[in-house]
Amino acid sequence: MAPQFIDAGLLRHRATIERNEIVPDAMGGGRDRWVEVGETSVRLEPLTVESDLRLGQRIGTATHRVTLRARPGLDRGMAFRVGSRRFVIRTLHDPDETGRYLVCRCEAEA
């Protein structure tokens, strides 16, 4: 497979990488706490916006493609924070299997 050309100049958004930790509460449950684990430059591309009716309320879901230089330790369930927006990683892959870049399909949190 030939290497895919990705223009590194398009990685123009600064993103914080976050990991979700569940903090136990007094009722036996837990709540989410996002912990910063690093920073990187990314390219954000909107992909789809879907709307669904649940329990009488309209719920919207936006997906984005996030491209970045490959880095170890990144996994599904982690997130990128760009400004006040959080993009939770649903899938990630190496587009040309050279270990240079990662492409993540992410879901934007409201």
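Helices (H or I, at least four residues) and strands (E, at least two) are DSSP runs, numbered from the N terminus. This is a predicted model, where local features need pLDDT of at least 70 and side-chain atom pairs count only at pLDDT 80 or more, while totals for chains, interfaces and linings use all residues. Residues are numbered from 1 along each chain as its sequence is written, and side-chain values use heavy atoms, with hydrogens and water left out.

**Exercise 1. Find where Asp-96 sits and state whether Asp-96 is buried or exposed.**

Step 1: Look at the loop between strand E5 (85-93) and strand E6 (101-108); Asp-96 lies there.

Step 2: Apply the cut-offs: buried means under 20% relative accessible area, exposed over 50%, and partly exposed in between (1.4 Å probe, protein chains only).

Step 3: Asp-96 has a relative accessibility of 4%, so Asp-96 counts as buried.

**Exercise 2. Work out which residue pairs with Asp-96 in a salt bridge.**

Step 1: Start with the idea that side chains of opposite charge can pair when their charged atoms come close.

Step 2: Recall the rule: a salt bridge is a side-chain nitrogen of Lys or Arg within 4 Å of a carboxyl oxygen of Asp or Glu.

Step 3: The partner is Arg-100, with the closest N and O atoms 2.9 Å apart.

**Exercise 3. Describe how Glu-21 and Arg-33 are connected.**

Step 1: Their side chains meet in a salt bridge, at 2.7 Å from N to O.

**Exercise 4. Trace the salt bridge of Arg-14.**

Step 1: Arg-14 bridges to Glu-39, and their closest N and O atoms are 3.8 Å apart.

Step 2: This pair links distant parts of the chain, with Arg-14 in strand E1 (residues 13-24) and Glu-39 in strand E2 (residues 30-54), 25 residues apart.

Step 3: Arg-14 is partly exposed at 49% relative accessibility, and Glu-39 is partly exposed with a relative accessible area of 44%.

**Exercise 5. How many salt bridges does a search of the whole structure find?**

Solution: The search finds ten salt bridges.
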